[in-house]
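Subject: Structure handover

Dear colleague,

Here is the structure for your files. Please look through it first; notes on what was found in it follow below.

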Amino acid sequence: MSGTTAAEREDLRRSVRDLLDRHAGDAARSTAIDSELGHDPRLWSRLAELGATALSIPEELGGAGYGAVEQSVVLEELGRSLACTPFLGTVVLAGSALAAVGGASAQEHLAGIAEGSTTAALALAEDDGRWRTSGFATTGDRMPDGWRLTGAKTLVADGADADLIVVAAETSVGPSLFLVTGSEGVERTRLRTLDLTRRMASITLDAAPAEFLGTAGEAERVLEAVLDAAMVALAAEQVGAARACLEASVSYAKERVQFGRQIGSFQAVKHRCADMFAKVQLASAASAEAAQAVDEADDPGRARVAAAVAHLVCSEAAMTTATENIHVHGGIGFTWENAAHHYFRRAKASQLLLGGPAVASERLLSRLGV
């Protein structure tokens with residue numbers, strides 16, 4: 001159950017929105033895209049000062065101890081503004097993995113994530129881009145001087161410049177998780193991807209020193225939990241982006257005049273906006289249900305199904321509204337000067353990040369026992 005009231009969550013939403021309105025507008029986004037890091041470190045620090053990076057981290061591990069419901073508020077606003085931040089890679093993916101593993105080492109690094117001094121990434125996907133929990137081509141070998149990792153990872157969110165990398169690898173005791181904090185034997189390459197607002201990287205490990213996180217036999221459970229967290233987080237972010245596309249379309253339809261009339265008075269445009277509104281409302285409900293189910297934790301099966309449903313529904317809503325936003329704007333929606341194409345790129349990239357619609361449908365069917 002959520003640890004906050006509806007009024008408290010609205011206060012949080014207003015605080016995050018005010019911060020992003022001041023520091024993550026269109027001009028700031030363009031500057032971040034062209035920067036070396038791909039995000040504004042000052043905005044990241046301000047989000048940490050606001051407590052956004054610590055919300056979902058357990059209190060005993062250095063965080064605020066809230067849940068997915070509160071974190072979803074932050075993610076909706078990040079999606080609405082399309083802010084360039086390492087929130088997904090650091091807090092959601094790597095942070096969820098470290099929190100699920102626990103232990104002294106995880107606690108130390110989670111404290112850094114919570115205060116905004118540490119950025120992190122989860123290196124999971126390999127050549128086929130699949131989200132898997134075992135059968136990794138990357139291997140971990142125990143040497144006299146400690147563990148060494150060898151292999152290649154791809155589509156690592158925020159991985160090019162992360163301070164630490166959580167790596168999934170196969171070992172003699174089964175799939176395990178490791179922590180890489182140095183540069184020895186590590187080669188990072190920035191990838192050119194569709195979404196300009198979220199940096200991706202490939203990472204090659206050549207006998208790279210790593211810290212074993214003590215997850216023998218537990219890595220599969222941890223990675224399933226991280227997958228659920230990722231689906232719920234992306235769903236919230238997609239709701240925010242979809243709502244921004246709806247608002248932009250309605251606003252433009254009210255001000256754009258053709259043939260002596262506002263285009264919003266044309267039936268075709270009205271129907272597009274009405275369909276977008278319905279998609280956003282459905283996505284918002286699915287996202288809220290998933291976050292609540294995860295936090296209640298009294299029915300793990302329901303939570304896993306709700307997370308899969310939210311990922312499917314919200315991915316479709318984000319794609320539909322991003323596409324229709326471009327249609328409503330007409331020719332200007334295709335230009336670099338308009339933000340509509342950024343929302344379209346984010347919508348498509350997020351839809352494909354965990355495998356795409358076909359994989360997401362199969363995942364849901366499997367969780368339903370079909």
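Cys245 counts as buried because its relative accessibility is 2%, where buried means under 20% relative accessible area, exposed over 50% and partly exposed in between, with a 1.4 Å probe and protein chains only. The model is a predicted one, in which local features need pLDDT of at least 70 and side-chain atom pairs count only at pLDDT 80 or more, while totals for chains, interfaces and linings use all residues. Residues are numbered from 1 along each chain as its sequence is written, and side-chain values use heavy atoms, with hydrogens and water left out.

To stay with the cysteines: a disulfide is a pair of cysteine sulfur atoms within 2.5 Å, and by this rule the count is 0. Cys245 is in no disulfide, the nearest cysteine sulfur being that of Cys273, 12 Å away.

Next, the strands. Helices (H or I, at least four residues) and strands (E, at least two) are DSSP runs, numbered from the N terminus, and two strands pair if DSSP finds at least two bridges between them. Strand β4 (residues 164–171) pairs with β5 in the antiparallel sense over 7 bridges, and a hairpin of 2 residues joins them. Within this pairing, Val167 has Phe178 of β5 as its bridge partner. β5 also pairs with strand β7 (residues 200–212), again antiparallel, over 2 bridges; here Leu179 stands opposite Glu211 of β7.

On aromatic contacts: rings of Phe, Tyr and Trp (its six-membered ring) pair if their centres lie within 6.5 Å, with planes under 30 degrees apart counted as stacked, over 60 as edge-to-face and the rest as tilted. There are 4 aromatic pairs in the structure. One of them is Trp44 with Phe87, edge-to-face at 6.4 Å centre to centre and 80 degrees between the planes. Trp44 lies in helix α3 (residues 41–50) and Phe87 in helix α5 (residues 87–101), so this pair ties together parts 43 residues apart in sequence. Both residues, Trp44 and Phe87, are buried. Phe178 belongs to one aromatic cluster with Trp147 and Phe212.

Two backbone entries may be worth a look. Most residues other than glycine have a negative phi. Leu82, not a glycine, has a positive phi of about 55 degrees; Leu82 sits in the loop between α4 (68–81) and α5 and is buried, at 0% relative accessibility. Leu155 has a positive phi of about 50 degrees, and is not a glycine either. Leu155 lies in strand β3 and is partly exposed, with a relative accessible area of 38%.

Leu155 comes up again at the largest cavity, where Leu93, Trp131, Leu155, Leu353 and Leu354 lie nearest the centre among 15 lining residues. β3 gives the most to that lining, with 4 residues. For the terms, a cavity is a set of points on a 1 Å grid over the protein atoms alone where a 1.4 Å probe fits but cannot get out, and lining residues have an atom within 4 Å of a point.

Regards

Note on methods:
On a 1 Å grid over the protein atoms alone, a cavity is a set of points where a 1.4 Å probe fits but cannot get out, and a pocket is an open set with protein on both sides within 12 Å along at least five of seven lines; lining residues have an atom within 4 Å of a point.
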